[in-house]
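Dear colleague,

Please find the structure below. My notes on what was found in it follow directly after.

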Amino acid sequence: MNTITLTQPDDWHVHLRDGLALERTVPDLAKQFRRAICMPNLVPPVKTVDEAIAYRNRIMQHVPEGNLFDPRMVLYFTDQTPPDEIAKIKASNCVNAIKLYPAGATTNSDNGVSDIRKVYATIEEMEKHQIPLLLHGEVTHKHVDIFDREKRFLDEVLSPLIQQFPDLKIVLEHITTSDAANFVLEQSKKVAATITPQHLLFNRNDMLVGGVKPHLYCLPILKRQTHQTTLLEVATSGNPKFFLGTDSAPHAQNAKENACGCAGCYSAPTAIELYAQAFDQVGRIERLEGFASHFGADFYGLPRNTDTITLKKEDQVIPERLDYLEDQQIIPLYAGQTIQWRKV
Ligand code: NCD
Ligand code: ZN
């Protein structure tokens, strides 16, 4: 198959940032995706429905004329998120979930939840109203090896959480291990996961052998190849528990190429083509549509999109760098390299 037409896809996990960054991130994402779950880890974070509506309005100012991009908003879970915010989410027409970052797990997670048991009263309301809980699934204890943090989260946080709230809708975001994939497979249909393009296309050797590649550094960190293989298997299996979430997370070049480099890969401008590349590499391009355009909407209880996009198997050179903020640049995923798919 050299050309495929799919229902327009949605991105169920993206970082658009705020202010001038939106000039870059919103048009890049909106030329591919109809909807996106806009992650709330701004400084300060998006903590209430009112703040989410204001952030959505700022995003909308950068949507190109005639484009029907529909940002879906998410609140940032803190130790203080009150149970009565959940009814407000239910009543809003643009907030779809709450994202829980364990405090200290990743970029701008300092205001995250210090101990999930402290917020069980709010989670109980989420279960009652069927508001999805989105999880950054890594423990943060200093002594736990960075490559083991996702697995430890499954055992120590997620299992007890599901036992306590069996009817809670949960998305385990950006899974990176076979452990996480198998865990999700074993749960009820209330538990799903997003997968990024970088975790399908790369493993830790790509990041570390022959010199460190800071632009492949993201969190959760790339794992060994066996995990990459499992992620490819489940993403292309047709199982609706696994769907697209780019985790595109821009950081300026100088913040990445730094003695203390930031975590995040910027994939927004060509994300759907990168997924096509990954699916095609394992001979499963025909499974892309479910993963990219159907399963996420179904999980969130939103209608599937009705427009389509067409992808063609044709070489595309990814730009070396892109303008960002006033005088900075971003190095996108696959910068300067050729990929085999192109949106027409
Ligand atoms: C994200 C960011 O920069 O906001 N970084 C990343 O490496 N994925 C945060 C996150 O999703 O963990
Ligand atoms: Zn993210």
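Ligand 1 takes up the space of the largest cavity (on a 1 Å grid over the protein atoms alone, a set of points where a 1.4 Å probe fits but cannot get out). This is a predicted model, in which local features need pLDDT of at least 70 and side-chain atom pairs pLDDT 80 or more, while totals for chains, interfaces and linings use all residues. Residues are numbered from 1 along each chain as its sequence is written, chains are lettered from A and ligands numbered from 1 in the order written, and side-chain values use heavy atoms, without hydrogens and water.

Around ligand 1 there are 15 residues, and Arg-17, Thr-106, Leu-219, Asp-247 and His-251 are the closest (near means a heavy atom within 4 Å). This shell comprises four nonpolar, nine polar and two charged residues.

The side chain of Asp-247 places an N or O atom 2.7 Å from a nitrogen atom of ligand 1. Oxygen atoms of ligand 1 are approached by polar side-chain atoms of His-251, at 2.8 Å, and of His-136, at 3.4 Å. The protein buries 100% of the 310 Å² that ligand 1 exposes when taken alone (Shrake-Rupley method, 1.4 Å probe).

With kind regards

Methods:
Polar contact = N/O pair within 3.5 Å; in protein donor to acceptor, adjacent residues only side chain to side chain. 1 Å grid on protein atoms, 1.4 Å probe; cavity = no way out; pocket = protein on both sides within 12 Å on 5 of 7 lines; lining within 4 Å. Sits in = over half its atoms within 2 Å of the grid points. Nonpolar A, V, L, I, M, F, W, Y, C, P; charged D, E, K, R; others polar.
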